[in-house]
Amino acid sequence: MAGMVGRENLKMMRAWFAAGLAFLFCLISQAAFAEKAANPVAVFAGLDKITARMIQFDVYIDETVQFGSLQVTPRMCYTRPETERQEETAFVEVDEITLERKVRRIFTGWMFASSPGMNAVEHSVYDVWLVGCKQKSEVPQPN
């Protein structure tokens, strides 16, 4: 009887060991796939609904660009590795300068280049959405 209990314990230990190895392998695989590239520049598109003017503009990370009465500040811009489905995401803060010259935060969150309508800033006069992320810009970086 003692031999059977010992064999059952050994089988259980082997099963737990195999499960642990499988879990560890999954974690390592996820880490390899989860690595994303940080980019120093976020690319946005903006629409002025009154003039029907649409422009594309580059913004360096942690810098602010004004589009109409909106101030757009990307905090990070990521690109997935080529081994995964391509996606570019940016964490963005958008402030509005009111008629009283006050700054009012109207958006804080993630924008997705592949789904511009999901988290675009839809203002009464301006729309802003993420187009992508990139490593370089022709726009000189502010000092």
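Author: Happy to! Let's begin at A52, which is exposed, with a relative accessible area of 61%. One thing to keep in mind throughout is that this is a predicted model.

Reader: Okay, where is the place of A52?

Author: A52 sits in the loop between β2 and β3. Those two strands form a hairpin with 4 residues between them.

Reader: And what's the phi of A52?

Author: Phi of A52 is near 65°, which is a positive value in a residue other than glycine.

Reader: Which other residue has a positive phi although it is not a glycine?

Author: R101 does, with a phi of about 65°. R101 is found in the loop between β6 and β7.

Reader: Is R101 buried or exposed?

Author: R101 counts as exposed, at 71% relative accessibility.

Reader: Let me zoom out. How many helices and strands does the protein chain have?

Author: The protein chain has 1 helix and 9 strands. Reading from the N terminus, the order is α-β-β-β-β-β-β-β-β-β.

Reader: What share of the residues counts as buried?

Author: Of the 143 residues in the protein chain, 33% count as buried. As for the surface, the protein chain exposes about 9700 Å², and carbon and sulfur atoms supply 59% of that area.

Reader: What about contacts across the sequence?

Author: Take the contacts in the protein chain between residues at least 6 apart in sequence: 48% of them join residues at least 24 apart.

Reader: Back to the hairpin, then. How many bridges join β2 to β3?

Author: There are 8 bridges between β2 and strand β3 (residues 53–60), and the two run antiparallel. For one example to look up, F44 has F57 as its bridge partner in β3.

Reader: Which other strand is joined to β2 by bridges?

Author: Strand β9 is: 8 bridges join β2 (residues 41–48) to β9, again in an antiparallel arrangement. Within β9, A45 has W129 as its bridge partner, and A42 stands opposite C133.

Reader: Why is β2 described as largely enclosed?

Author: Because 7 of the 8 residues of β2 are buried, the strand is largely enclosed by the rest of the structure. The cut-off for buried is a relative accessible area under 20%.

Reader: And how many residues of β9 are buried?

Author: In β9 (residues 126–134), 7 of the 9 residues are buried, so to speak "mostly covered".

Reader: What does β8 do in relation to β9?

Author: Strand β8 (residues 121–122) pairs with β9 in the antiparallel sense, over 2 bridges. The two form a hairpin with 3 residues between them. If you'd like a pair to find there, E122 has D127 as its bridge partner in β9.

Reader: You mentioned C133. How many disulfides are found in the whole structure?

Author: A search of the whole structure finds 1 disulfide. C77 and C133 form it, with their sulfur atoms 1.9 Å apart. C77 lies in strand β5 (residues 70–79) and C133 in strand β9, so the pair ties together parts that are 56 residues apart in sequence.

Reader: Is the link left-handed or right-handed?

Author: The link of C77 and C133 is left-handed, with -80° about the S-S bond.

Reader: Are those two cysteines buried or exposed?

Author: C77 counts as buried at 1% relative accessibility. C133 is buried too, with a relative accessible area of 10%.

Reader: New topic: how many residues does the largest nonpolar core have?

Author: The largest nonpolar core has 21 residues, and those with the most contacts inside it are F44, V92, V128 and L130. Strands β2, β3, β5, β6 (88–97), β7 (103–112) and β9 each supply at least two residues of this core.

Reader: Which strand gives the most to this core?

Author: That's β9, with 4 residues.

Reader: Last one! What does V92 touch?

Author: Leaving out residues up to four places away in sequence, V92 touches F44, V72, T73, P74, F107, T108, G109 and M111.

Definitions and conventions:
Residues numbered from 1 in each chain as written. Predicted model: local features only at pLDDT ≥ 70, side-chain atom pairs only at ≥ 80, totals over all residues. Heavy atoms only, no water. Buried < 20%, exposed > 50% of the residue type's maximum accessible area, 1.4 Å probe, protein only. Pairing = 2+ DSSP bridges. Disulfide = S-S within 2.5 Å. Contact = heavy atoms within 4.5 Å. Areas by Shrake-Rupley, 256 points an atom, 1.4 Å probe, with all protein chains shown as cover. Core = buried A, V, L, I, M, F, W, Y, C linked by side-chain atoms within 4.5 Å.
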